Amino acid sequence: MKIYLSNDYFSDLLVRMAHHSTAIEGNTLTQGETKSILIDNYIPRAMNMRELNEVLNYKSYVNQMIDDLKHDVSINNEFIKSIHAILCNNAIDGVAGRFKTIPNLVIGADFTPTPPYLVPSALEDWRANLQYQIELAKNTDEIIESILRQHIQFEHIHPFSDGNGRVGRALIVYSCLQAHILPIVIPVNDKQRYINCLNTENMAEFMAFAKELQANELIRLQALANNNEHDLYIEVDL
Ligand SMILES: Nc1ncnc2c1ncn2[C@@H]1O[C@H](COP(=O)(O)OP(=O)(O)OP(=O)(O)O)[C@@H](O)[C@H]1O
């Protein structure tokens, strides 16, 4: 069965992607404030410009994502840099849309991210690997597993000086929708569980986590669904 995604669902997805992904990285805006800014076009209180811009950037991003999904745009290095450029616009000084030039580290993690000079080729391999795994996948679970496994690998490459978490999580949602499966949106309340999955690379636990999130996503998606073929022409298979 196919279910078409409605404008209302994308508005809901926009607020949740913006809130949860920025809050995981420490943005202090609440989900209510995020909804007010993104849906009602109302800034509810005096707030830090960087935090405001981080959230506002998701409006451009989700519009771009819908357009890219409609045209089935493939993930490649330019695509990944363009996501970074949108999500980090006016939020990270001078580096939006550019790969890192200085080696970086993930605090507390025991791996060394890919050195800057190897980032373009590592990401090419990463993209090809993701595509290959999804093409070979025999069922939805194998697609989810490929996307999660490649998310861990993306964070190991850590291609940008900042913004790697947000770009990586945006790529999860894009990859799911491109493969016509329910999106996986990591909630800020589950940050520790998420980081633990990245730390341990325990795929069974990451899969169980993702499937719980997809079950919640299905409830929202059905509540906001459009049973007729919608002008967005984006659907997921159930
Ligand atoms: N142990 C880990 N293994 C793999 N990835 C990890 C690990 N710990 C954290 N990460 C990833 O790195 C991201 C944060 O990385 P970092 O602290 O370097 O911030 P960042 O690259 O600036 O990202 P952001 O914009 O999202 O702030 C997390 O959101 C997560 O996706």
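Helices here are DSSP runs of at least four residues, numbered from the N terminus. With that numbering, histidine 158 falls in the loop between α6 (140–157) and α7 (164–178). The model is predicted. UniProt, in an unreviewed entry, lists His158 as "active site".

**Annotated domain**

- The unreviewed UniProt entry gives residues 75–215 as "domain: Fido".
- Helix makes up 60% of the chain over residues 75–215, and strand makes up 0%.
- The end C-alpha atoms of that stretch are 26 Å apart.

**Histidine 158**

- Histidine 158 has 22 other C-beta atoms within 10 Å. The cut-off for a buried residue is 20 or more, so histidine 158 counts as buried.
- Setting aside neighbours within four places in sequence, histidine 158 is in contact with Asn104, Val106, Pro113, Thr114 and Asn164.

- Phenylalanine 79 sits in helix α4, which spans residues 77–87.
- Phenylalanine 79 has 14 other C-beta atoms within 10 Å and is therefore partly exposed.
- Phenylalanine 79 and arginine 166 are 87 residues apart along the chain, and 14 Å separates their C-alpha atoms.
- Glutamate 142 belongs to helix α6.
- Glutamate 142 is also partly exposed, because 13 other C-beta atoms lie within 10 Å.
- From glutamate 142 to phenylalanine 154 is 12 residues along the chain, with their C-alpha atoms separated by 18 Å.

**Helix α1 with helix α2**

- Helix α1 covers residues 7–24, and its axis comes within 9 Å of that of α2.
- The two axes cross at roughly 130°, so α1 and α2 are oblique to each other.
- The crossing of α1 and α2 is right-handed.
- On the α1 side, the residues that meet α2 are Leu14, Val15, Ala18 and His19. Their partners in α2 are Gln31, Thr34, Lys35 and Leu38.
- The contact of α1 with α2 divides into 4 nonpolar, 3 polar and 1 charged residues.

**Helix α2 with helix α3**

- Helix α2 (residues 31–38) and helix α3 (residues 49–70) have axes that come within 10 Å and cross at roughly 55°.
- That angle makes α2 oblique to α3.
- The crossing in which α2 passes α3 is right-handed.
- Thr34, Ile37 and Leu38 of α2 make the contact with Leu52, Val55, Leu56, Tyr58 and Lys59 of α3.
- By class, the residues of the contact of α2 with α3 are 6 nonpolar, 1 polar and 1 charged.

**Helix α6 with helix α9**

- Helix α9 runs over residues 203–223, and its axis comes within 10 Å of that of α6.
- The axes of α6 and α9 cross at roughly 115°, which makes α6 roughly perpendicular to α9.
- The crossing of α6 and α9 is right-handed.
- Ile144, Glu145, Leu148 and Arg149 of α6 make the contact with Met203, Phe206, Met207 and Ala210 of α9.
- The contact of α6 with α9 has 6 nonpolar and 2 charged residues, with no polar residues.

How values were computed: Residues are numbered from 1 along each chain as its sequence is written. This is a predicted model: local features need pLDDT of at least 70, side-chain atom pairs count only at pLDDT 80 or more; totals for chains, interfaces and linings use all residues. UniProt positions are given in the numbering used here, feature names are shortened, and annotations may be inferred rather than shown by experiment. Helices (H or I, at least four residues) and strands (E, at least two) are DSSP runs, numbered from the N terminus. A residue is buried if 20 or more other C-beta atoms lie within 10 Å of its own, exposed if 12 or fewer, and partly exposed in between; C-beta atoms are placed from the backbone. Two residues are in contact if their C-beta atoms, placed from the backbone, lie within 7 Å. Axes are lines fitted to C-alpha atoms, for helices over the stretch in contact, and angles run from 0 to 180 degrees between N-to-C directions. Angles under 35 degrees count as roughly parallel, over 145 as roughly antiparallel, 65 to 115 as roughly perpendicular and the rest as oblique. A crossing is left-handed if the near helix is turned anticlockwise from the far one by less than a right angle, and right-handed if clockwise. Ala, Val, Leu, Ile, Met, Phe, Trp, Tyr, Cys and Pro count as nonpolar, Asp, Glu, Lys and Arg as charged, and the others, Gly among them, as polar.
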